[in-house]
Amino acid sequence: MNRSQSAPESPVSSEVQMPSPRGSVPVTIFSAILFLSGIGALIFETLWLRLSGLAFGNSVWAAALILSSFMAGLALGNAIAASSRIRRWRPLHLYAVLEVLVALLGCTIVFGLPVLGELLRPVWQIFWNYQPALLGLRFVVSFLILLIPTTAMGLTLPVLIEDPMLRQTNFGRAIGFLYGSNTLGAVVGAVLGEGYLIAAFGLRGTSLAAGLASCLAAAVALIVAKRDGETSPHFLQGTFPLRFSLTYRPPWRLLLVSFGTGCILLALEVIWFRFLRLYVASSPTAFVVMLAVVLVGIGLGGVVAGVIHRRSAQLNQFLPVLLLLAAIAVLSSYLFFPGETVRTPAGAFSLASWHQIALLCLALMFPVAFLSGILFPSIAARVHASVQDRMNSTGMTTLLNTAGAATGPLLASFLLLPSIGFQWSLVLCAVAYALLAALCIEQSAWSFREPLTVTMGALCAALILIFSIFPYHGAETHFAHASRPYQIDEHGNVLARVVKKIEGSSDTYQLLRRDLFGEPYYYRLLTDAFSMSATSPHNQRYMRLFAYLSLAFRPQSEDVLLLCYGCGVTADALLHGPNVKRMDVVDISKEVFHLADFYSGINYSNPLRDPRVRAVVQDGRFFLQATPQQYDIISGEPPPPKVPGSVNLYTEEFFSLMQSRLKDGGIATFWLPINQLNVEESKAILRAFHNAFPNASVWASADREWIMMGIKGPGRKIEASELRQLWSDPGSGADLRRIGIEVPQQLGALFLMDGEEIDRITRDVAPLTDIYPKRLTDEMWDDEANRQFALTYLAAPGALERFLHSSLIHTIWPEALDPATSGLESFFILRQSRYLSEMIGSNKLAELDLYLRHSRLRVPVLEVLGSDGLRLSIAERVANKSQPPPLETMEDLVAGALAQRDINGAIRLLENKKDRGPFSLSDTFLLTYLYCLNGQVDKAEAFAAANAAAIKNNSVVDWLWGKLESEFGFHPPQ
């Protein structure tokens, strides 16, 4: 018999075999081989799924199908191992060939998928109107692409464990060490790939590193085979190494347990990750920390199973105990989750917090992951005791486990989380573990005299006790943790309340409403623990400018595309376009569209109810690839670039897709939140955008929410009458004035830079691309450097100079609004003043004096007094219902009167406030100033003298007395 052939083992081979040096060395060597294999396999898996998402879509269904195609390939490899025998080849040689196949095809896929995605664009467009067929086609294509390398991956462990060098080693011990080592290698692959390789070498370079790890595993396997005395490399003989052979009766009950454990663990992984995002700032690195903790638990569990099997073959009899322990661990790790004791920073992810995230992950996930790592080898050992063939046993156990692992995430994402939420999903998983434990119990072993029976009884009692004390309403505590920073201020005052909560297929959504004087003021949409969008006045300004910049410079626009709906602010503004006939709104989340009916407020109407609007649940990138439609305007306001999955919406390839879907002369606007990026990262995105749009420019109001605008082609000069139409129309005019763009000239004063300046500042900066996504890091940004960078372009003299000399402005800006005669410089100064006031503070009275006496604009006056158009509307409505007006509305009413330059009205309101209640020093200074401004200097002097005891000299007081004395003849109190 050829030594490479597989022969059935006798039942004795599964009994206890004490370790020997000869038995330990092969296990150690083979574990090292699979450790290398795990590194390469995990890196390839992450690269394939990332690039498949770009080629075939990242919507929830598309991502599920891509993952399913990957798991189907693994399962096919497992199925071949479960039903075949190796002939003529030595298993180590076959293993080496499989690893080389993984390396070669893995790298080919990474290099070829972006090209394939481009080639398939016409096919997607043909099937665009047949969405079920398009979804099925994407599954078939992704399955065929991944078929061979994933099948090879599925074969590696079953083939390797069949090698004769392991024949003298207890099967349970061998499978435990090999499985554990392979999983620990995956931990290294996850951390190494995300933490270093992608940043250093890009996706293609990382694939070569993964291929190198797989080739090293193959080389070590060949070296081991040669040193073991194998001299005839059968893989050179051209004989196919596998033949179908199914001569055993599958132990279906054990295989069902294998399926169940795989299904439950992967479902739990989805549930855990969803739950943790209520506490952990989401980022790619945070995700890797979570994944690494799960894999470390599984890997260590596998190694521990190998150690236990080394001393005893009885571990597989304790399967019911292990399953009951898993059920208890699911509930107790949630019950004692240290969310309030281990603090993680809210908002943006910080690399410095990784250890805190790891502690939370260890507390929640490690116990069950560790037990799962022990379970798999134990199940495989019991299957082997029935089947006797090592490769068939491993393949069969892995096949069912993989099938369960493919099913679990689908159940969790599409059934459990949307229908019963994360907490009841955890309870259901615990129940499932307990049912599997009951399935494992052998009636012959059931006796109250047996220690196993006593242990089972104690564990069942503990599980029942946990079920009885479980906090079934505890989920609200965790949701409150995520929303608390936006609900309650540092003094404990309630700012907002949750009006709607949805646990969706991919995220948890909470809609918060902040009331003012008992009426809705604005809303905030939380995705997990992150503030994804809001309708606050500050947000409304830049969100509506996405629309109005495009409509101003392409007023004839009919077809509009909005990528990412958010709270619907940009959608509402786009519908004010005078000629807009159709608008497609694309968002990856159906829940975001569902929440649109829960907003309310002054003049609010749901944009999705407009007959011109079509809502599409799809990821924006695939929509651009697949739709045959072309648009006049495409506007994008995706999640911030550092949110997981968002980086590929800021790359050069994505911007090129936007450009390709525009009509000639069409305009794209896109969000650039420089306040959430390092300066070099902002420049990398600018470089990417400019590479896609040669005619690019950047615009902003007095903040760091910048807007990139790209025109397909040279653009055309807009007539002043076309521009003014936006202000003359009742809907768009009121909207623009409410957000502080009160006259057409202010639109020009939003200009920051054109393509020539982008070229200058990004000359030595590489663009953000799909292949180099880590040009955006997880490092915290330097806020001071960001402020200075923004000030460079918001400073009035430089901004005006760039405007006057911009070739783009000469092409598109109306000649009738000549900067030299339209007072444009004053608007640039106004923007700079507001920015500096918000960033470093200012003398509010000096700023108010500037706006009141040197401008006719309303909004700057409101803002410097702490109000805004929306606050004022609510205050006026409340005041009209009650006379005298409620005291809490007085500050806004005073600001409104001054915005109208109604000095007498503001004085009457302040005097009324003074007579009715507490009157602050700020109010005292303001009233004194207004008396002088209104020509009532004597009254100002008397009022100031009456309050002299409360006035302390400082820079504001010195400025005020000096100003009033020099300009109005005011005599300060002594």
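Author: Gladly! Let us begin with a pair of helices: the axes of helix 27 and helix 34 come within 10 Å of each other and cross at roughly 35°. Helices (H or I, at least four residues) and strands (E, at least two) are DSSP runs, numbered from the N terminus. Axes are lines fitted to C-alpha atoms, for helices over the stretch in contact, and angles run from 0 to 180 degrees between N-to-C directions. Before we go on, note that this is a predicted model, where local features need pLDDT of at least 70 and side-chain atom pairs count only at pLDDT 80 or more, while totals for chains, interfaces and linings use all residues. Residues are numbered from 1 along each chain as its sequence is written, and side-chain values use heavy atoms, with hydrogens and water left out.

Reader: How do helix 6 and helix 10 cross?

Author: The axes of helix 6 (residues 252-276) and helix 10 (residues 390-440) come within 3 Å and cross at roughly 35°. Their contact divides into 30 nonpolar, eleven polar and two charged residues.

Reader: What covers the buried residues of helix 32?

Author: Buried means under 20% relative accessible area, exposed over 50%, and partly exposed in between (1.4 Å probe, protein chains only). Helix 32 is mostly covered, with ten of its 13 residues buried; among them are Phe925, Leu926, Tyr929 and Cys932. The cover includes helix 27 (844-854), helix 30 (890-899), helix 31 (903-916), helix 33 (937-946) and helix 34 (955-968).

Reader: What span should helix 32 have?

Author: The expected span of a helix is 1.5 Å times one less than its number of residues. For the 13 residues of helix 32 (residues 921-933) that gives 18 Å, and the end C-alpha atoms are 18 Å apart, which agrees. Just after helix 32, Gly935 takes a positive phi of about 80°.

Reader: Is Ser833 buried or exposed?

Author: Ser833 is buried, because its relative accessible area is 18%. This residue lies in helix 26 (residues 824-840). Leaving aside neighbours within four places in sequence, Ser833 is in contact with Glu847, Leu850 and Tyr851.

Reader: In what order do the eight strands of the open sheet lie?

Author: Strands of a sheet pair through backbone hydrogen bonds, either parallel or antiparallel. Two strands count as paired if DSSP finds at least two bridges between them. Here the order is 9-8-7-10-11-13-12-14, and the pairing is mixed. At the edges are strand 9 (613-617) and strand 14 (751-754), each pairing on one side only. From one strand to the next, the twist averages 20°.

Reader: Where can I see parallel and antiparallel pairing?

Author: Strand 10 and strand 11 pair in the parallel sense over five bridges, and Ser635 stands opposite Thr669 in strand 11. For the antiparallel sense, look at strand 12 (residues 695-699) and strand 13 (residues 705-711), which pair over five bridges; there Ser697 stands opposite Met709 in strand 13. Helix 17 (residues 652-660) lies across strand 7 (559-563), strand 10 (631-636), strand 11 (662-673) and strand 13, running at about 145° to strand 11.

Reader: How many residues has the largest nonpolar core?

Author: In soluble globular proteins, nonpolar side chains tend to be buried together. A nonpolar core is a set of buried Ala, Val, Leu, Ile, Met, Phe, Trp, Tyr and Cys residues joined through side-chain atoms within 4.5 Å. The largest one has 302 residues, and those with the most contacts inside it include Phe655 and Trp706. Its largest share, 19 residues, comes from helix 5 (residues 171-227).

Methods
Contact means heavy atoms within 4.5 Å. Ala, Val, Leu, Ile, Met, Phe, Trp, Tyr, Cys and Pro count as nonpolar, Asp, Glu, Lys and Arg as charged, and the others, Gly among them, as polar.
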